[in-house]
Amino acid sequence: MTPLVAVILVGVPLAWLVGFAAYAYVDAPKYGMDPRKWALIAFFVPLFGFFAYVFERDERDYDPETDPYAGGDDGRTGGFAVHESRQGEERLGPAGTEADDDGDDDEWNDPDGVDL
C-alpha cells in the first residue's frame, strides 16, 4: 500500500473524527453539557456520536416575545395568522371552491355538519 493511499484511507476519516470531537468539546459548555463526555462519544462512535450530540443539546435563549410562531399580542394564537396582504379576501372551501357565507362565521371552513 502506498503512503498516499494510507493517508487517504486512514488519515482523512481520522481527521473528520478529530474535527467532530473538537467541535463537540468546544461547543458543549455553551449548552451546559460535559465537554469530555461528548467529545469522546463523537470520536469513538463514528458519525452517529456527533449527530447524537447535535440533537441532544438544548436550545439556548428562547424568547417567546421574538418568536413569530408563538402566540403574539396581536390576537394571533398558536402561529395561525393571515398576512396583511391576504386579509379581506374571500375564504375558500374544500378543493378551492368558495366557502358558503351563511353568517355563522366559521373561521376554519369546516365541512357541512362538522364543527371542529
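Predicted model: local features only at pLDDT ≥ 70, side-chain atom pairs only at ≥ 80, totals over all residues.

Reader: Is Asp 27 buried or exposed?

Author: Burial is read from relative accessible area, with under 20% counted as buried. Asp 27 has a value of 5%, so it is buried. Asp 27 belongs to helix 1, and, residues up to four places away in sequence not counted, it touches Tyr 53 and Arg 57.

Reader: Which residues of helix 1 are buried, and what covers them?

Author: They are Leu 17, Phe 20, Ala 21, Ala 24 and Asp 27. The cover includes helix 2 and helix 3.

Reader: How does one compare the length of helix 1 with expectation?

Author: One takes 1.5 Å a residue. The 25 residues of helix 1 should therefore span 36 Å, and the 34 Å between its end C-alpha atoms agrees with this. Helix 1 also has a kink of about 30° at Gly 11, shortly before Pro 13.

Reader: Which residues form the largest nonpolar core?

Author: A nonpolar core is read as buried residues joined through side-chain atoms. Here the largest has nine: Phe 20, Ala 24, Ala 28, Tyr 31, Met 33, Trp 38, Ala 42, Phe 50 and Tyr 53. At least two residues of this core come from each of helix 1 (3-27), helix 2 (35-44) and helix 3 (48-56).

Reader: What is Met 33 in contact with, leaving aside neighbours within four places in sequence?

Author: Met 33 contacts Ala 28, Trp 38, Tyr 53, Glu 56 and Arg 57.

Key: Residues numbered from 1 in each chain as written. Heavy atoms only, no water. Core = buried A, V, L, I, M, F, W, Y, C linked by side-chain atoms within 4.5 Å. Buried < 20%, exposed > 50% of the residue type's maximum accessible area, 1.4 Å probe, protein only. Helix = DSSP H or I, 4+ residues; strand = E, 2+ residues; numbered from the N terminus. Contact = heavy atoms within 4.5 Å. Expected span 1.5 Å × (residues − 1). Bend = angle between axes of the 7 residues up to and from the residue.
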